[in-house]
Structures are given as structure tokens and as C-alpha cells.
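Please look over the sequence and the three-dimensional model shown here before reading on, keeping both at hand while the text moves from one region to another.

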Amino acid sequence: MDYPIFKIQEHPQLKDTSANWFHNKWNIPLNAYQDSMEQCILQKSTVPQWYVVMDNTKIIGGCGVIENDFHNRKDLTPNICAVYVEKEYRCQGIAGQLLDFVCKDMKKKGISTLYLVTDHTSFYERYQWNFLCMVQGEGEPDMARMYIHKEP
């Protein structure tokens, strides 16, 4: 089943619910999500962007596009961040559908190359992401994997 993907920029009424949802998944301060989503809604620049996947009125997945996902390679921008799908909805292709949607949407906005930091070692390759290099996360003792995706 395909679930609809909503752009926060086009659905500002989802901002508060979405900010809370992301905050609960990643433990990043709530106001950081609220501020970023507000910038998205104001449309002053292409980045940040935020997306949620819905099952009726319930958020079941989502991600954002921000300048830098807390790593030392400030030249590798923008970054897809906070990719998450609720456990009971996993293994249905939702993450792949979301990533494809975001990459195509960003290309329409003039950005065809995106980056993503993760600890996963094979998940993103399924969706045409390629390992690029290791990066140092802010305050993280271990290096993390940086992936790149170029939309044709």
C-alpha cells in the first residue's frame, strides 16, 4: 500500500504535530524542529524542507532536508536527515518511497545532489545511494558513513 507523503511547506497545519513526532524519535530539541519547519514554510530558501508519510491522520514516517546533519564535512550539503519509519510499518518500502519522493522534489527545486549520514551499512544502497566517505559527527566518538545520491 502506498501512503501519501506530505510536504510541510504545503501543509503548515502539520508543523506542530510533525515537530513533536521528530523530536520524540530523535531527541533533538523540539524548538530546533519547530524553527526549521517554520523556515521551510516561509520558503525563503530551498533548504530546509520537511516531509511526513501519513496513514490517515497518523504520521508513520518522515525526514527532512537540512544544510548539515551535525557532521564535520560542511562542504557536503544539503543533507537528508531524521529518516524514520514507525516499526510496525517497516519492510513495506515506505522509506524507499519517501527517499525517492524527496530526491525528486529537491531536483524540481534545483538540487540534484543530496547527502545522508547513517550508521546503516547496506540499507541505502537499495535506493541508489552510494557510500562516499566517513565523517565525524559532532560530539560523536565514532565515525559515521556519508552517502551521496545524484538525481539524473
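What follows takes up a pair of helices and then a pocket.

Since the model is a predicted one, the description that follows rests on computed values. Helix α1, which spans residues 15-26, packs with α2 at an angle of about 140°, and the axes of the two helices lie 9 Å apart. Because an angle over 145 degrees would be needed to count as roughly antiparallel, the arrangement makes α1 oblique to α2. The crossing of α1 and α2 is right-handed. On the α1 side the contact is made by K15, D16, S18, A19, N20, F22, H23 and W26, while α2 contributes L30, Y33, Q34, M37, E38 and I41. Sorted by class, the residues of this contact comprise seven nonpolar, four polar and three charged.

W26, named above as part of the contact between α1 and α2, also leads on to the largest pocket, where W26, D69, A82, V83 and V117 are the lining residues that lie nearest the centre. This pocket has a volume of about 1,200 Å³, and 40 residues line it.

Which element gives the largest share of the lining of the largest pocket? That element is β4, from which six residues come. Taken by class, the lining consists of 25 nonpolar, eight polar and seven charged residues.

Key:
Residues numbered from 1 in each chain as written. Predicted model: local features only at pLDDT ≥ 70, side-chain atom pairs only at ≥ 80, totals over all residues. Heavy atoms only, no water. 1 Å grid on protein atoms, 1.4 Å probe; cavity = no way out; pocket = protein on both sides within 12 Å on 5 of 7 lines; lining within 4 Å. Points joined across faces, edges and corners; volume = space filled by probe spheres on them. Helix = DSSP H or I, 4+ residues; strand = E, 2+ residues; numbered from the N terminus. Nonpolar A, V, L, I, M, F, W, Y, C, P; charged D, E, K, R; others polar. Axes fitted to C-alpha atoms, helices over the stretch in contact; angles between N-to-C directions. Parallel < 35°, antiparallel > 145°, perpendicular 65-115°, else oblique. Left-handed = near helix turned anticlockwise from the far one by under 90°. Contact = heavy atoms within 4.5 Å.
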